[in-house]
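Please examine the model displayed here. The paragraphs that follow lead from the ligand site to the overall fold and then to points of backbone geometry.

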Amino acid sequence: MPEQFPQTRMRRLRKQSFTRKLMAESQLSVSDLIYPMFVLEGENQKELVPSMPGVERLSIDLLVKEAQELAALGIPAIAIFPVTPAEAKSLCASEAFNPQGLAQRAVRALKAEVPELGVMTDVALDPFTSHGQDGLIDDQGYVLNDETIEVLIKQALSHAEAGADIVAPSDMMDGRIGAIRQALESNGYINTCIMAYSAKYASAYYGPFRDAVGSAGNIKGGDKKSYQMDPSNSDEALREIALDIKEGADMVMVKPGMPYLDIVRRCKDEFKVPTFAYQVSGEYAMHKAAFANGWLNEEQVILESLLAFKRAGANGILTYFAKQAAYLLK
Ligand code: PBG
């Protein structure tokens with residue numbers, strides 16, 4: 001026995017489940033989750049994404065069915081990403097603002113059939129350019145900022161017109177939040193929310209997503225470092241976030257998620273704005289690979305990984321685990 005007893009016994013409050021519950025500083029709930037989904041042309045079509053086990057691309061009819069289940073589970077919103085057929089891609093990315101495009105039709109169907117479920121759309125040109133970059137390019141392959149914004153405006157308006165609740169620019173062009181906000185306002189879409197991908201890094205964790213939407217092969221040796229952020233930087237993320245808030249973003253996002261929780265925390269501490277984080281495709285893929293090998297406990301690790309976002313200060317999480325987590329939290 002020690003001569004001196006500890007002044008404070010931290011373990012006292014850990015001993016029983018009821019005190020652990022009372023002491024919990026962060027809480028994960030189904031209300032925190034946004035489910036990213038891939039949409040396919042056709043009817044009754046479903047395709048597996050090999051690098052994302054458990055994730056499927058769905059045609060609109062199946063997407064709507066799935067959306068009903070998600071809404072019943074209490075998931076507040078989904079984010080949709082169209083898989084554009086190669087023949088619809090071009091240098092000018094005009095399919096991005098086609099009122100009858102896949103994303104636009106998906107939004108209309110979802111809002112007609114499952115109106116209570118929030119629908120968020122991706123505003124960026126990568127699914128629609130033949131080269132897979134997020135914007136229009138010049139002869140050297142450099143992504144043009146202001147010319148790209150003109151197209152993003154049309155794309156965002158077409159999403160708002162279709163009934164999107166939230167438009168989410170993920171392209172990282174300078175000034176696009178302000179330009180899109182102005183266009184929404186002057187066209188009467190005053191209640192369409194903007195979730196800005198504000199601190200979006202040039203990350204290698206997006207690989208499986210590019211497989212899922214079919215833009216990977218296009219980028220080839222290219223990368224997105226001339227517009228997405230350098231993973232070394234953190235102060236720069238705060239500048240990006242400050243600009244997006246000033247330009248009219250309702251919500252800001254940090255992406256990827258787990259490797260960038262320090263940015264989530266700094267963002268929340270500094271700005272106290274609605275802050276979201278995206279647990280991206282590569283984070284999902286590496287977890288799934290470990291689960292499949294029996295190296296990690298799937299149920300426990302999913303919930304722990306998502307709780308980490310709440311502890312870091314996120315208001316919500318975009319995650320491919322949303323549906324599974326919703327069942328686990330029931
Ligand atoms: C495209 C976009 C990407 C993601 C969301 N929107 C990929 C990219 O920037 O190359 C990635 C999502 C994920 O990896 O889950 N603008």
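A residue is taken to be near a molecule or strand if its C-beta atom, placed from the backbone, lies within 6 Å of it. This is a predicted model, in which local features need pLDDT of at least 70 and side-chain atom pairs count only at pLDDT 80 or more, while totals for chains, interfaces and linings use all residues. Residues are numbered from 1 along each chain as its sequence is written.

The ligand is surrounded by Asp 122, Ala 124, Asp 126, Asp 134, Ser 170, Asp 171, Tyr 206, Phe 209, Arg 210, Val 280 and Ser 281. This shell comprises 4 nonpolar, 2 polar and 5 charged residues, where Ala, Val, Leu, Ile, Met, Phe, Trp, Tyr, Cys and Pro count as nonpolar, Asp, Glu, Lys and Arg as charged, and the others, Gly among them, as polar.

The protein contains 12 helices and 10 strands; helices (H or I, at least four residues) and strands (E, at least two) are DSSP runs, numbered from the N terminus. Its radius of gyration is 21 Å, close to the 20 Å that the globule rule gives for 330 residues, so the protein is as compact as a globular protein of that length. The radius is taken over C-alpha atoms, and the rule is 2.2 Å times the number of residues to the power 0.38. Along its principal axes, the C-alpha trace spans about 80 × 45 × 40 Å.

How are helices H11 and H12 placed relative to each other? The axes of H11 (residues 298–311) and H12 (residues 322–329) come within 10 Å and cross at roughly 105°. These axes are lines fitted to C-alpha atoms, for helices over the stretch in contact, and angles run from 0 to 180 degrees between N-to-C directions. H11 and H12 are therefore roughly perpendicular to each other, a class covering 65 to 115 degrees; angles under 35 count as roughly parallel, over 145 as roughly antiparallel and the rest as oblique.

Most residues other than glycine have a negative phi, and most peptide bonds are trans. Met 172, however, has a positive phi near 70° and is found in the loop between strand E6 (166–169) and helix H5 (176–186). Met 172 is buried, with 24 other C-beta atoms within 10 Å; the cut-off is 20 or more for buried and 12 or fewer for exposed, with partly exposed in between, and C-beta atoms are placed from the backbone. The peptide bond from Lys 255 to Pro 256 is cis, with omega near -5°.
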